[in-house]
Amino acid sequence: MNSVIIEIGKKELKTTFKSKAIILPLLMAIGIPLFAIISTLPAIAQGGAEGVYVLLLTLLLIPTVITSLVGMNAFLNEIKWRTIKSLLVAPVSEKEIFIGKSLACIIPGLMVEICLVVIVFIFLPIAVDIPILIILLLIGPLLVMFATFLIIAATSKFPSSAEGGAAGFIPFAGIMGIFMLCFFLQRLLQIGPTLTNIMIAFVITVLTILTYFIATKWFNRERLVTGL
Amino acid sequence: MIEVKNLIKEFNEVTALDGISLQVNEGEVFAYLGPNGAGKTTTVNILATLLKPTTGKATVAGYDVTKDDMEIRRLIGYLPEDFGLYPNLTVYENLNFAAGLYKISRGERKDKIGELLEFFDLREKKDVLASTLSKGMKQKVGIARAMINNPEILFLDEPTSGLDPGMAREVLKIILRLKEEGKTIFMTTHLLARAEQVCDSIALIDKGKILCAGKISDIKTKLKAKTLEDVYFGVMGENYE
């Protein structure tokens, strides 16, 4: 991978996780839902596999919250710290900046996702089937990427949306929308959980690719420099 | 080295630069003077390829700012008005990140950063967080950061702004040392007396228009002024209210 992308990603991770202001919300974002969901998992599992699928999909929102928290500050901090000009004046393309910053959001998101998979495999009281594998190993990482591109696109186009944390809800709203649409289609078409999860994965893949292209197109040096 | 012809920059309905033209020769220290909001930073931002001009032409080392932005970025160093340092990274980490952006290899990086820390007398501050540095120190680190790629041309936006007289003098000494090394320096400043000590030529800008430009000695002779301050207030006249 391009060395500049790695440098930008490393710097982003360093500046984010050195900030005390982000550590507590991060721990809370992981800890509270994890505790609540894991503790109810055995009870829900007794009610049948479908409840578990829905619960696992909800659990996948945790890595996307982490991603959103990191991503929300990716451009906001550069503007707040007035470092954006120093970054943009370097011989670095928009794509390298975008991917570098995205990488810094995707890595912690995926790390949390891996932890979740391990925890779920340990605590889940029912046999792991194909729909569960699709949820954890395909939809989970896809959601992290989708959330990353969505939040970076939104905050680079509208940096002020990151102020006050409003932008943090953008990926959350997007993901909930996808889930609701897919569950609606599941009821309408009367399809099973495997096909539903494949459909969710497909929709997220298409949206992730679309968001990536929109985000790179929206990246506007002038807007970031002037804050207009 | 730097050539600007009929440059216009508009932001929505506001004209920030209204057909400015100027020239900076190689190895010169050029001071861009004017009141707040005159268009100084906008000019620097265009020359540093951070903004695109609305119309007109500007070249840096022969490269067009609208077409050859990557080539220009490789050649220049830029100090923004607010230092451009990451507050929760140390001095070394800030310089290391800048070196990474210019694709300086890891082996070369250590030597380059060491040289800069030595040149700017920052060796003892190497592991100090940028947020805990004084304004003057931040400015020195900011200039060191702008020098990481050994640029031919340096753009310094208000390098002495907000500094105490001692630190301002130190920064100007650094500028003189850089001039001795053959760097072309384009700086904006409010400190007229200090600018007179280090600069070869100037341009005065107000409300997006260049009021006068050229060698300091030529302008002083032409306007029968003794100091740059006389030139400034003489040219700005009633504009400066």
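Okay, one definition before anything else: when I say nonpolar core, I mean a set of buried Ala, Val, Leu, Ile, Met, Phe, Trp, Tyr and Cys residues joined through C-beta atoms within 7 Å. Keep in mind that what you're looking at is a predicted model.

With that in hand, the largest nonpolar core here has 142 residues. The residues with the most contacts inside that core are B:L47, B:F155, B:F186 and B:I202. And which helix gives the most to it? That's helix α7 of chain A, residues 130–157, which puts in 16 residues. As background, nonpolar side chains in soluble globular proteins tend to be buried together.

Let's zoom in on B:F155. Leaving out residues up to four places away in sequence, B:F155 touches B:V44, B:L47, B:A48, B:I76, B:Y78, B:L79 and B:F186.

Now chain B as a whole. You've got 9 helices and 10 strands. The radius of gyration is 18 Å, close to the 18 Å the globule rule gives for 241 residues, so chain B is as compact as a globular protein of that length. Its C-alpha atoms fill a box of roughly 50 × 40 × 30 Å along the principal axes. Buried residues make up 49% of the 241. And of the contacts with a separation of 6 or more, 65% are between residues 24 or more positions apart.

Last stop, helix α1 of chain A, residues 3–17. At 1.5 Å a residue, its 15 residues should span 21 Å, and the end C-alpha atoms are 21 Å apart, so that agrees. Its buried residues include A:V4, A:I5 and A:I8, but also A:E7, A:K11 and A:E12.

Key. Residues are numbered from 1 along each chain as its sequence is written. Chains are lettered from A and ligands numbered from 1 in the order in which they are written. This is a predicted model: local features need pLDDT of at least 70, side-chain atom pairs count only at pLDDT 80 or more; totals for chains, interfaces and linings use all residues. Helices (H or I, at least four residues) and strands (E, at least two) are DSSP runs, numbered from the N terminus. The expected span of a helix is 1.5 Å times one less than its number of residues. A residue is buried if 20 or more other C-beta atoms lie within 10 Å of its own, exposed if 12 or fewer, and partly exposed in between; C-beta atoms are placed from the backbone. The radius of gyration is taken over C-alpha atoms; the globule rule is 2.2 Å times the number of residues to the power 0.38. Two residues are in contact if their C-beta atoms, placed from the backbone, lie within 7 Å.
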